[in-house]
Amino acid sequence: MNLLGSGRESLAAIPAVHRFLDEPAVRRYEFALGRENVKRAIAGELDDARSRVPLPEYEALLAGVIDRLERERTQALLETINATGVMLHTNLGRAPLAVPALEAVRRTGGGYSNLEFDLQAGTRGSRYARVTALLTAITGAPDALVVNNCAAAVLLILDTLAKGREAIVARNQLIEIGGGFRLPDVLERSGARLVEVGATNKVYLRDYERALTPNTALLLRSHPSNYRISGFTHDVPPEELAALGKRVGVPVVEDLGSGALVDLAAYGLPHERTVQDAVRDGIDAVAFSGDKLLGGPQAGIVVGTAALIARLRDNPLLRALRVDKSTIAALGATLRLYLSAEGLEAIPLYRMLGASQRELRSRAQRYVDELPALLGACVVESSARVGGGCLPETEIASIAVSLRPPGGADAFAARLRRGEPALVGRIENGALLLDLRTVAPEQDAAVVTALQAAIR
Ligand SMILES: *Cc1c(COP(=O)(O)O)cnc(C)c1O
């Protein structure tokens, strides 16, 4: 009885939805979320408030509404400035696309294209053919195929070649990468039987030889992307594994993951095994990602022998893993950059890798000059990373702006994350560091504006 009574009282005291809708602080969400969504958020907040005793004041309700709208706004995919220093940050969307890739998406995505239409013959064509010639020209492999991502590429290969049969993998390569991709589990799901050989630290060619049976479908090599085994170790050189496969007539497949198409040594980094290396070693099929060291859109690329790629193309599973026109447009445009001398400069990842410390320092100094003294901004040495599971142990010299805002780095970082555009840095020893290597020079003005706005 009491409860009913207080419920009726609250209902009478709850302000109307339109009163909140008229608040400028609420109205500014209409553009991002739509008026109906804003109304729904207000109604939801008021519904919740009805069960609270005592009934919240108007100001508290308004704060609750804005909190709700803000949570809803940040649920959407939003532009985010990456000042973490991690170049291929999977949580922040991995590789930023090159301008020609964006242009290609705009040109072909905003209208029609010859996606599956052969313009020469006037008949049905293949979407996969749009990037095949580029991939074979760059990698030297006879044929290529593109699917949704590298995980899908590995799944397709295993499903095609090893279903109900045996796949031999060395124990030092039974990888788990982020996001739940575990090689042993993917093998199991594809219906292949995993045959482990060697020890965690030492694997020899004879281990593979001994495990061969008439039911062996493939020899699988995987790139230890995100970890290293060091010390008392032995590995089988890929070209020896490839030669063994040829000798016994069993395909050798490599899950390369990172998929560098250029030698990173040119950027002062350790040599990372390239796709061309794997092809040259005689690997029959190499799988790699489009949005790691290639610097393109999310995609899984397989390059390899014509016979093997033809079998992948015939697998009905391909239909479920196929890429859309935007991916093909962006990938094609990105790959074309590899075929011109100054093309790499256009790929944001390689521009980041190539930026000099001097250049970063002078940009950082400009930030410091423009920021109010209370942020305690100064230029510091930093170390960036490639990320995305690539070169996990390699630190890349970089420059950051260090901030010691009043109220603490954590609270300030939280405000920056909710800014427009959002800005994400990293916290080290109580200071907020903004690493310049992952911030494009075109974003400098936006960063300074975001910092100024966050102080207010
Ligand atoms: C990153 C990676 C994958 C997964 O690639 P996605 O494109 O994210 O699916 C698979 N294998 C290796 C070795 C990797 O490094």
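I take a residue as buried when its relative accessible area is under 20%. With that cut-off I looked up Thr84 in this predicted model; its relative accessible area is 8%, so Thr84 counts as buried.

**Entry on Thr84.** I located Thr84 in the loop between β1 (80-82) and α7 (99-109). Setting aside neighbours within four places in sequence, I listed its contacts as His89, Leu92, Val424, Gly425, Arg426, Asp435 and Thr438. In the loop between β1 and α7 I also found Arg94, which has a positive phi of about 50° although it is not a glycine. I note here that most residues other than glycine have a negative phi.

**Entry on the whole chain.** I counted 19 helices and 17 strands in the protein chain, whose C-alpha trace spans about 85 × 60 × 55 Å along its principal axes. Of the 456 residues, 49% are buried, and the chain exposes about 21900 Å², of which carbon and sulfur atoms supply 52%. When I took the contacts between residues at least 6 apart in sequence, 73% of them turned out to join residues at least 24 apart. For charge I noted 53 positive and 53 negative side chains, with the centres of the two sets lying 3 Å apart.

**Entry on helix α18 and what follows it.** I looked up which residues of helix α18 (residues 409-417) are buried, and they are Ala409, Phe412, Ala413, Ala414 and Leu416. As a reminder to myself, an α-helix has 3.6 residues a turn, so residues three or four places apart point the same way. The cover over the buried residues of α18 includes β14 (396-403), β15 (422-424), β16 (426-428), β17 (431-435) and α19 (444-455). In the loop between α18 and β15 I came to Pro421, which is joined to Glu420 by a cis peptide bond with omega at about 0°. Further along, in the loop between β16 and β17, I found Asn429, which has a positive phi of about 45° although it is not a glycine; at 72% relative accessibility, Asn429 counts as exposed.

**Entry on other prolines.** I recorded a cis peptide bond between Val53 and Pro54 too, with omega at about -5°, and placed Pro54 in the loop between α5 (35-50) and α6 (58-75). Most peptide bonds are trans. Pro392, in the loop between β13 (378-384) and β14, is partly exposed, with a relative accessible area of 25%. From Pro392 to Pro238 I read 21 Å, C-alpha to C-alpha, for a separation of 154 residues in sequence.

**Entry on rings.** My search returned two aromatic pairs. One of them, Tyr267 with Tyr350, is tilted, with 5.4 Å centre to centre and 50° between the planes. Tyr267 lies in the loop between β10 (252-257) and α13 (275-280) and Tyr350 in helix α16 (residues 348-354), so this pair ties together parts that are 83 residues apart in sequence. I then checked the accessibility of both partners: Tyr267 is partly exposed, with a relative accessible area of 22%, whereas Tyr350 counts as buried at 2%.

I looked as well for charges over rings. The charged end of Lys202 sits over the ring of Phe232, 3.6 Å from its centre, and Arg28 lies over the face of Tyr29, at 5.1 Å from the ring centre.

Conventions. Residues are numbered from 1 along each chain as its sequence is written. This is a predicted model: local features need pLDDT of at least 70, side-chain atom pairs count only at pLDDT 80 or more; totals for chains, interfaces and linings use all residues. Side-chain values use heavy atoms; hydrogens and water are left out. Helices (H or I, at least four residues) and strands (E, at least two) are DSSP runs, numbered from the N terminus. Buried means under 20% relative accessible area, exposed over 50%, partly exposed in between (1.4 Å probe, protein chains only). Contact means heavy atoms within 4.5 Å. Accessible areas come from the Shrake-Rupley method with a 1.4 Å probe; for residues, only the protein chains shown count as cover. Lys and Arg count as positive and Asp and Glu as negative; His and the chain ends are not counted. The place of a charge is taken as NZ of Lys, CZ of Arg, CG of Asp or CD of Glu. Rings of Phe, Tyr and Trp (its six-membered ring) pair if their centres lie within 6.5 Å; planes under 30 degrees apart count as stacked, over 60 as edge-to-face and the rest as tilted. A charge sits over a ring if NZ of Lys or CZ of Arg is within 6 Å of the ring centre and within 35 degrees of the ring normal.
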